[in-house]
Structures are given as C-alpha cells and as structure tokens.
Amino acid sequence: MLNAFQSLEIVLIKNSLLVAFAIMGATVWISYFLSDRLTQGRLHGSAIAIFIGLVMACIGGIITNGKQGIADITALSGIGLMGGAMLRDLAIVATAFGVRAEEFGKSGLIGILSLFTGITLSFAVGGAVAYSFGYRDAASITTIGAGSATYIVGPVTGSAIGATSEVIALSVAAGLVKAILVMILTPFLAKHIGLNNPRAAMIFGGIMGTNSGVMAGLASTDPKLVPYGAMTATFYTGLGCLLGPSVIFIFIRTIFG
Amino acid sequence: MIIYGTALLSICLLLGLTLGRMLGNLAGVDADIGGVGISMLLLIAICNYLQRIGRMKPPTEAGITFWGSIYIPIVVAMAASQNVLAALQGGAVALLAGTFTVGASFAIVSFFVKVGNNNSPAKG
C-alpha cells in the first residue's frame with residue numbers, strides 16, 4: 001500500500017503539468033455543474049471555477065507559506081506552469097483569432113484615454129489611502145498608489161524611488177487585493193456598468209489594468225469580450241511602470257515634499 | 001498540420017513580447033509595454049493575410065483555436081497560483097487601497113461606457 005502511494009506521488013511530481021490539466025478539468029466540470037444546478041446558469045461556471053481557484057490558492061498559502069498559492073505543493077506545481085505567464089499569454093493571444101482588427105481601431109482613442117485615466121486614478125486613490133494612514137513621504141505615498149495600479153507597478157516603482165521594503169510589500173498586497181476583487185466582482189457588476197460589448201471591454205481593460213483581474217473577470221462575464229479587455233490591459237502595467245517613478249512621483253513630491 | 005497554427009501563434013507571441021520589451025527599453029523601464037496586445041495584432045494581421053490568399057487550412061486554424069478555447073481553465077490555474085494569502089494578510093492599508101481603487105474604477109468604467117455610447121450596445 002505504501003508502495004502504491006509512493007509510486008503515485010513520484011508519477012504526480014514527474015508529470016506535474018498533466019496533474020494540472022486533470023485538476024483544472026475537474027474544477028471546471030464541478031463549477032459548471034454547480035452553476036447549472038444551484039444558480040440555473042445565472043452565475044457563470046467560469047466565475048465559480050475562478051473562485052474555487054482562489055480558495056485553492058489560499059489553502060496552498062496556508063499549508064506551504066509560499067507565494068504561489070496551491071502551486072507551492074510539489075505534486076501540484078504544474079498548476080503554476082499551466083497558469084503561469086507563458087501559457088496564459090499564449091491562450092490570450094489565441095482568443096484574438098477571428099477578431100477583426102477594425103474593432104480595436106474603432107475604440108482605440110477611448111482605450112488610450114481609459115489607460116491614462118485608470119493609472120492616474122489608481123495612484124490618486126491608493127495614495128490618498130496611504131496618506132490617511134499617516135504616510136507623509138512622497139516615496140511611500142507613490143509606491144502604495146503604484147501598488148493600487150497593479151502588483152507589478154508597485155514593486156517596480158517602489159524600488160526605483162527608494163521606498164522601504166515594508167511599503168513595497170504593502171503595495172504588492174494592495175495590487176493583489178485589486179486583482180482578486182476584479183476577478184470576483186466583474187461578473188456581478190457587468191450588467192450595471194454596461195460591460196457587454198467590445199468597446200466597453202476595451203474601456204474596462206484600460207481602467208482596471210490588472211491583467212489577471214481583467215482576464216479572469218471578463219472570462220467569467222462573457223469569454224467573447226476577453227481579447228478586447230486584454231488588448232488595453234496589456235499596456236497598463238508597462239505604462240504604469242513608466243509613469244509611476246517619473247511623472248507621478250515628481251508630481252506627488254512637489255505636493256508632499 | 002495542426003502544428004503550423006500553434007507555431008504561428010507562438011511566433012506571434014515571441015515577436016510581440018520582444019517588441020513590447022523593446023518599447024519598454026526605449027521608454028527606459030525594465031518592463032514590457034503591450035507585448036500581448038502587439039502579439040494579438042500580429043496574429044490577426046497574419047491570419048487575415050493567409051485567409052485572403054487561401055493558405056489558411058482548417059487544421060492550421062485548429063492549432064490556434066485549441067489554445068483560445070482552453071483559456072478558461074488556464075485562467076483558473078492562474079487564480080489558483082496567486083498569492084491570495086498575502087492579499088488577505090496585507091493589513092488595512094493594502095485592503096483599503098485595493099478596494100477603494102476597484103470601487104472608483106468600476107464607477108469610471110460605467111461613466112466612460114455611457115458617455116458617447118450613442119449606438120445601442122450589441123452583444124459582442
């Protein structure tokens with residue numbers, strides 16, 4: 001019996017990507033079943049699946065104390081590969097197949113406007129929260145604002161302008177909170193904000209900006225909208241890393257010294 | 001051959017990410033600006049061209065669409081490998097900064113969608 005268990009463990013660890021496919025298949029199946037039976041399809045199966053994924057990530061974090069959610073459990077490390085940047089980007093680019101380029105062009109201008117508005121808004125709101133918690137130096141205010149943009153803009157900005165590691169950690173946490181909330185809330189709020197067409201999806205991607213949040217939020221709202229939101233969101237982090245340590249930091253420094 | 005489609009998709013992504021990184025370098029940041037977006041535009045342009053000259057065969061398309069249709073489980077795997085615990089343990093500053101930003105962002109999205117939205121939204 002012990003032998004069987006050990007053999008299985010070795011196989012699981014050696015074939016971790018296959019383990020991920022099997023587990024994700026089962027998760028999606030259960031989620032669509034629950035969506036059908038419990039909510040009569042009102043709550044999209046993928047929304048439930050993403051929520052289960054987040055719960056798994058939380059459990060993984062508690063068990064291993066690692067940073068990669070459930071993927072820190074050795075036998076489940078394939079989930080990290082499957083959900084990592086490489087395959088995720090491959091899949092997201094593939095969703096653009098069959099989309100007409102004119103759709104992007106038609107909403108290009110409002111998409112660009114959304115990007116700048118979204119980045120400015122995140123810095124303003126995040127910075128204001130930092131200020132209200134007693135942070136008075138420009139570097140900390142900017143870094144926490146940057147984290148409210150995305151959890152990548154936060155540490156990139158923070159290390160560029162010399163924020164403390166404690167503040168940088170806070171900025172990552174703020175970005176994670178944002179990504180997770182966008183994943184969970186989007187399917188519920190989509191109807192109220194008119195998120196049901198390519199143009200709205202491009203605005204959504206540009207203002208939210210958090211890649212994982214936007215991609216998962218749109219997937220659980222209407223998968224057809226994914227390429228449009230992804231198109232603008234993909235510029236957000238880079239643009240945030242560009243503006244944060246430069247223009248925005250200088251602006252905040254002139255206010256707070 | 002199905003592999004032609006997957007190869008084309010991979011080449012578009014590799015090229016797009018490289019261009020995005022070059023754009024980032026030009027702007028002086030160590031990050032990629034729009035790599036995935038550029039890749040999408042490349043894929044759309046190349047596929048349109050191949051379809052026009054009749055070189056896009058159904059198996060080639062299948063090598064691309066497979067990856068698009070496996071998108072949701074990949075996103076679920078992404079969610080499962082997020083550092084959710086750090087978000088929950090980040091304390092009040094992180095929690096409020098993230099939450100207020102999301103709230104304000106949803107409000108602005110709603111505003112932008114309504115402004116200048118004269119034609120009735122069609123189901124995309």
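1. In this predicted model, helix H13 (residues 226-256) of chain A and helix H2 (residues 35-52) of chain B have axes that come within 6 Å and cross at roughly 135°, the axes being lines fitted to C-alpha atoms over the stretch in contact, with angles from 0 to 180 degrees between N-to-C directions. H13(A) and H2(B) are therefore oblique to each other, since angles under 35 degrees count as roughly parallel, over 145 as roughly antiparallel, 65 to 115 as roughly perpendicular and the rest as oblique. Helices here are DSSP runs (H or I, at least four residues), numbered from the N terminus.

2. On the H13(A) side, A:Pro227, A:Ala230, A:Met231, A:Thr234 and A:Phe235 make the contact, and on the H2(B) side B:Gly35, B:Val36, B:Gly37 and B:Met40 do, where contact requires C-beta atoms, placed from the backbone, to lie within 7 Å.

3. The contact between the chains takes 97 residues from chain A and 69 residues from chain B. Helix H10 (residues 165-189) of chain A supplies 14 residues, the largest share of the side of chain A that touches chain B.

4. Chain B has six helices and zero strands, and an assignment that is automatic or from a database divides chain B into domain 1 (2-82) and domain 2 (83-117). The centres of these two domains, taken over C-alpha atoms, are separated by 28 Å.

5. Residues are numbered from 1 along each chain as its sequence is written, and chains are lettered from A and ligands numbered from 1 in the order in which they are written. Local features need pLDDT of at least 70 and side-chain atom pairs count only at pLDDT 80 or more, whereas totals for chains, interfaces and linings use all residues.

Terms used: Contact = placed C-beta atoms within 7 Å. Helix = DSSP H or I, 4+ residues; strand = E, 2+ residues; numbered from the N terminus.
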